Amino acid sequence: RFGGAIAGGRELSLNTRVQLGYRFEWIEADFPAGASHSRGADIEPVHFDLVRGGSRLSALSFTIIDDTRDDPFLPSTGRLWWFNAGAAFSAIGSSYDFGKMQFRAEGYRLLSWRHVLRLDAFVGVIVGDAPLFEKFFVGDLSDLVPSRLLELSFDRRPPPNVFGTSIVEMRYEQLALRAGFEYSIPLVRHRGFFYGLDLFASTGLIAL
(Lines give C-alpha, C1' and ligand atoms only; values in the text may rest on other atoms or scores of the structure.)
Protein backbone atom coordinates (compact mmCIF):
# COMPACT_ATOMS: atom_id res chain seq x y z
CA ARG A 1 0.00 0.00 0.00
CA PHE A 2 1.20 3.47 -0.90
CA GLY A 3 -0.70 6.72 -0.66
CA GLY A 4 -1.45 9.88 1.23
CA ALA A 5 -4.16 12.00 2.81
CA ILE A 6 -5.08 15.65 3.09
CA ALA A 7 -7.51 17.21 5.58
CA GLY A 8 -8.70 20.55 6.84
CA GLY A 9 -10.80 21.54 9.81
CA ARG A 10 -12.58 24.37 11.56
CA GLU A 11 -13.32 25.16 15.19
CA LEU A 12 -17.05 25.53 15.78
CA SER A 13 -16.58 26.38 19.45
CA LEU A 14 -14.00 26.08 22.22
CA ASN A 15 -14.62 22.31 22.45
CA THR A 16 -16.01 21.33 19.03
CA ARG A 17 -14.18 20.84 15.74
CA VAL A 18 -15.18 19.57 12.29
CA GLN A 19 -12.83 18.15 9.69
CA LEU A 20 -13.05 17.15 6.02
CA GLY A 21 -10.50 14.83 4.48
CA TYR A 22 -9.52 12.96 1.34
CA ARG A 23 -7.33 9.84 1.10
CA PHE A 24 -5.87 8.02 -1.88
CA GLU A 25 -3.97 4.73 -1.82
CA TRP A 26 -2.52 2.38 -4.40
CA ILE A 27 -2.79 -1.28 -3.35
CA GLU A 28 -0.95 -4.23 -4.84
CA ALA A 29 -2.32 -7.60 -3.67
CA ASP A 30 -1.21 -11.14 -4.47
CA PHE A 31 -2.96 -14.10 -2.83
CA PRO A 32 -3.89 -17.74 -3.61
CA ALA A 33 -6.57 -18.42 -6.20
CA GLY A 34 -8.43 -20.52 -3.63
CA ALA A 35 -8.16 -21.09 0.12
CA SER A 36 -10.41 -22.35 2.91
CA HIS A 37 -10.47 -22.33 6.70
CA SER A 38 -12.48 -23.73 9.58
CA ARG A 39 -15.18 -21.44 10.96
CA GLY A 40 -17.08 -23.14 13.74
CA ALA A 41 -18.18 -26.56 12.47
CA ASP A 42 -17.97 -25.52 8.81
CA ILE A 43 -15.22 -25.26 6.20
CA GLU A 44 -15.56 -21.94 4.39
CA PRO A 45 -13.63 -20.19 1.62
CA VAL A 46 -11.28 -17.42 2.73
CA HIS A 47 -12.50 -14.00 1.60
CA PHE A 48 -9.42 -11.84 1.12
CA ASP A 49 -11.51 -8.68 0.62
CA LEU A 50 -8.98 -7.19 -1.79
CA VAL A 51 -8.83 -6.83 -5.56
CA ARG A 52 -6.19 -9.10 -7.05
CA GLY A 53 -3.28 -7.19 -8.57
CA GLY A 54 -3.38 -3.41 -8.56
CA SER A 55 -6.31 -1.42 -7.15
CA ARG A 56 -7.07 2.06 -5.83
CA LEU A 57 -8.76 3.35 -2.70
CA SER A 58 -10.13 6.87 -3.05
CA ALA A 59 -12.18 8.03 -0.06
CA LEU A 60 -13.76 11.14 1.42
CA SER A 61 -14.37 11.59 5.15
CA PHE A 62 -16.17 13.90 7.58
CA THR A 63 -15.34 14.06 11.28
CA ILE A 64 -16.79 16.01 14.19
CA ILE A 65 -15.25 15.97 17.67
CA ASP A 66 -16.50 17.44 20.93
CA ASP A 67 -14.01 17.30 23.81
CA THR A 68 -14.54 18.79 27.29
CA ARG A 69 -12.02 16.59 29.15
CA ASP A 70 -9.73 18.29 31.65
CA ASP A 71 -6.68 16.32 30.47
CA PRO A 72 -5.97 14.62 27.10
CA PHE A 73 -4.18 11.59 28.60
CA LEU A 74 -5.50 10.97 32.13
CA PRO A 75 -8.79 12.88 32.39
CA SER A 76 -10.88 12.97 35.54
CA THR A 77 -13.88 15.02 34.37
CA GLY A 78 -15.59 15.87 31.11
CA ARG A 79 -16.61 13.98 28.03
CA LEU A 80 -15.38 13.13 24.55
CA TRP A 81 -17.55 12.14 21.61
CA TRP A 82 -16.32 11.55 18.10
CA PHE A 83 -18.24 10.80 14.89
CA ASN A 84 -16.69 9.90 11.56
CA ALA A 85 -18.38 9.11 8.24
CA GLY A 86 -16.47 8.13 5.15
CA ALA A 87 -17.19 6.81 1.67
CA ALA A 88 -15.25 5.42 -1.27
CA PHE A 89 -16.81 5.03 -4.72
CA SER A 90 -15.84 4.66 -8.35
CA ALA A 91 -16.87 8.22 -9.29
CA ILE A 92 -13.80 9.52 -7.46
CA GLY A 93 -11.49 6.80 -8.79
CA SER A 94 -11.89 4.04 -6.21
CA SER A 95 -11.81 0.30 -6.95
CA TYR A 96 -13.84 -0.24 -3.75
CA ASP A 97 -17.37 1.03 -3.11
CA PHE A 98 -18.36 1.28 0.55
CA GLY A 99 -19.52 3.56 3.32
CA LYS A 100 -18.18 3.54 6.87
CA MET A 101 -19.55 5.22 10.00
CA GLN A 102 -18.05 5.24 13.48
CA PHE A 103 -19.18 6.80 16.76
CA ARG A 104 -17.24 6.80 20.02
CA ALA A 105 -18.18 8.38 23.33
CA GLU A 106 -16.39 8.61 26.68
CA GLY A 107 -17.54 10.16 29.93
CA TYR A 108 -15.46 10.83 33.07
CA ARG A 109 -16.59 11.64 36.59
CA LEU A 110 -14.42 12.57 39.55
CA LEU A 111 -15.90 10.98 42.65
CA SER A 112 -15.90 12.78 46.00
CA TRP A 113 -13.07 10.52 47.28
CA ARG A 114 -10.91 11.54 44.24
CA HIS A 115 -11.27 8.29 42.31
CA VAL A 116 -12.34 8.43 38.64
CA LEU A 117 -15.17 6.61 36.91
CA ARG A 118 -15.15 6.22 33.12
CA LEU A 119 -17.88 4.92 30.80
CA ASP A 120 -17.24 4.42 27.10
CA ALA A 121 -19.08 3.13 24.04
CA PHE A 122 -18.26 2.53 20.38
CA VAL A 123 -20.42 1.67 17.35
CA GLY A 124 -19.08 1.04 13.86
CA VAL A 125 -20.89 0.04 10.65
CA ILE A 126 -19.59 -0.66 7.14
CA VAL A 127 -21.91 -1.01 4.13
CA GLY A 128 -20.52 -2.26 0.82
CA ASP A 129 -17.26 -3.88 -0.26
CA ALA A 130 -14.57 -2.47 1.99
CA PRO A 131 -10.96 -3.68 1.71
CA LEU A 132 -9.66 -5.91 4.48
CA PHE A 133 -7.72 -3.21 6.31
CA GLU A 134 -10.78 -0.94 6.54
CA LYS A 135 -12.85 -3.54 8.40
CA PHE A 136 -13.14 -3.64 12.18
CA PHE A 137 -10.51 -5.89 13.76
CA VAL A 138 -11.15 -7.66 17.05
CA GLY A 139 -7.95 -6.19 18.50
CA ASP A 140 -9.40 -2.70 18.00
CA LEU A 141 -12.11 -3.54 20.53
CA SER A 142 -10.59 -6.01 22.99
CA ASP A 143 -7.77 -5.04 25.37
CA LEU A 144 -6.83 -8.74 25.51
CA VAL A 145 -5.94 -9.01 21.81
CA PRO A 146 -3.01 -6.94 20.43
CA SER A 147 -4.06 -4.01 18.27
CA ARG A 148 -2.97 -3.55 14.67
CA LEU A 149 0.22 -1.76 13.67
CA LEU A 150 -0.15 0.31 10.49
CA GLU A 151 -3.54 -1.42 10.10
CA LEU A 152 -1.85 -4.84 9.90
CA SER A 153 -2.41 -7.62 12.41
CA PHE A 154 0.54 -9.72 13.54
CA ASP A 155 -1.39 -11.86 16.02
CA ARG A 156 -3.83 -14.66 15.23
CA ARG A 157 -5.05 -15.41 18.73
CA PRO A 158 -8.86 -15.29 19.00
CA PRO A 159 -10.52 -13.17 21.69
CA PRO A 160 -11.25 -14.86 25.03
CA ASN A 161 -14.64 -16.55 24.59
CA VAL A 162 -16.07 -15.83 28.05
CA PHE A 163 -19.72 -16.44 27.14
CA GLY A 164 -19.23 -19.30 24.66
CA THR A 165 -20.45 -17.31 21.65
CA SER A 166 -19.34 -17.03 18.01
CA ILE A 167 -17.04 -14.09 18.88
CA VAL A 168 -14.21 -16.64 18.81
CA GLU A 169 -14.67 -16.86 15.01
CA MET A 170 -14.76 -13.10 14.39
CA ARG A 171 -11.64 -11.21 13.29
CA TYR A 172 -12.38 -8.69 10.50
CA GLU A 173 -16.05 -7.71 10.37
CA GLN A 174 -18.40 -4.98 9.14
CA LEU A 175 -20.28 -4.32 12.39
CA ALA A 176 -18.59 -3.55 15.71
CA LEU A 177 -19.97 -2.70 19.15
CA ARG A 178 -18.27 -2.06 22.48
CA ALA A 179 -19.36 -0.84 25.92
CA GLY A 180 -16.83 -0.40 28.71
CA PHE A 181 -16.46 0.61 32.34
CA GLU A 182 -13.30 1.65 34.18
CA TYR A 183 -12.58 2.57 37.79
CA SER A 184 -9.23 4.22 38.43
CA ILE A 185 -7.32 5.44 41.46
CA PRO A 186 -4.87 8.26 40.63
CA LEU A 187 -1.55 7.66 42.39
CA VAL A 188 0.75 10.27 40.81
CA ARG A 189 -0.05 13.40 38.78
CA HIS A 190 2.59 15.53 37.01
CA ARG A 191 5.41 14.82 39.44
CA GLY A 192 9.02 14.47 38.40
CA PHE A 193 9.62 11.70 35.87
CA PHE A 194 5.96 10.58 35.81
CA TYR A 195 3.25 12.43 33.93
CA GLY A 196 0.75 10.30 35.79
CA LEU A 197 0.31 6.90 37.39
CA ASP A 198 -3.03 5.13 38.04
CA LEU A 199 -4.23 1.90 39.55
CA PHE A 200 -7.31 0.81 37.60
CA ALA A 201 -9.75 -1.97 36.89
CA SER A 202 -11.83 -2.17 33.71
CA THR A 203 -14.33 -4.44 32.06
CA GLY A 204 -16.38 -4.37 28.89
CA LEU A 205 -18.51 -6.16 26.33
CA ILE A 206 -17.69 -6.37 22.62
CA ALA A 207 -19.52 -7.69 19.59
CA LEU A 208 -18.49 -8.21 15.97
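Analyst: Helices (H or I, at least four residues) and strands (E, at least two) are DSSP runs, numbered from the N terminus. Bear in mind that this is a predicted model: local features need pLDDT of at least 70, side-chain atom pairs count only at pLDDT 80 or more, and totals for chains, interfaces and linings use all residues. Residues are numbered from 1 along each chain as its sequence is written, and side-chain values use heavy atoms, with hydrogens and water left out.

User: How many helices and strands does the secondary structure of the chain come to?

Analyst: Counted up, the secondary structure is 1 helix and 12 strands.

User: What percentage of the residues of the chain count as buried?

Analyst: The C-alpha atoms fill a box of roughly 60 × 45 × 30 Å along the principal axes. Buried means under 20% relative accessible area, exposed over 50%, and partly exposed in between (1.4 Å probe, protein chains only). Of the 208 residues, the buried share is 31%.

User: How many bridges join β2 to strand β5?

Analyst: Two strands pair if DSSP finds at least two bridges between them. On one side, β2 is joined to β1 (residues 2–11) by 10 antiparallel bridges, with Ala5 partnered by Arg23 of β2, and a hairpin of 4 residues links the two strands. β2 also runs antiparallel to β5 (residues 53–67), where Glu28 has Gly54 as its bridge partner, and the number of bridges joining β2 to β5 is 14.

User: Which residue in the hairpin of β3 and β4 takes a positive phi?

Analyst: β3 and β4 run antiparallel and are joined by 4 bridges, with Ser36 standing opposite Pro45 in β4. Their hairpin has 2 residues between the strands, and the residue with a positive phi, near 70°, is Gly40.

User: Is Ser55 buried or exposed?

Analyst: Ser55 sits in strand β5. Contact means heavy atoms within 4.5 Å, and, leaving aside neighbours within four places in sequence, Ser55 is in contact with Glu25, Trp26, Ile27, Ser95 and Tyr96. Its relative accessible area is 0%, so Ser55 is buried.

User: Which residue's side chain is joined to that of Ser55 by a polar contact?

Analyst: A polar contact is a pair of N or O atoms within 3.5 Å; within protein, one must be able to donate a hydrogen and the other to accept it, and residues adjacent in sequence count only if both atoms are side-chain atoms. For the side chain of Ser55, there is such a contact at 2.8 Å, and the partner is Tyr96.

User: How far apart are the C-alpha atoms of Ile92 and Leu60?

Analyst: Ile92 is in the loop between β6 (78–88) and β7 (98–110), and at 27% relative accessibility it counts as partly exposed. Not counting residues up to four places away in sequence, Ile92 touches Tyr22, Ser58, Ala59, Leu60 and Ala87. Ile92 and Leu60 are 32 residues apart along the chain, and their C-alpha separation is 9.0 Å.

User: And what separates the C-alpha atoms of Gly93 and Leu111?

Analyst: Gly93 lies in the loop between β6 and β7, where, at 25% relative accessibility, Gly93 counts as partly exposed. Beyond its neighbours within four places in sequence, Gly93 is in contact with Arg56 and Ser58. Gly93 and Leu111 are 18 residues apart along the chain, and the distance between their C-alpha atoms is 52 Å.

User: Why does Arg118 count as buried?

Analyst: Arg118 is found in strand β8 (residues 116–128), and its side chain makes a polar contact of 3.2 Å with that of Asp120. Leaving aside neighbours within four places in sequence, Arg118 is in contact with residues including Tyr108, Arg178 and Phe181. Arg118 counts as buried because its relative accessibility is 18%.
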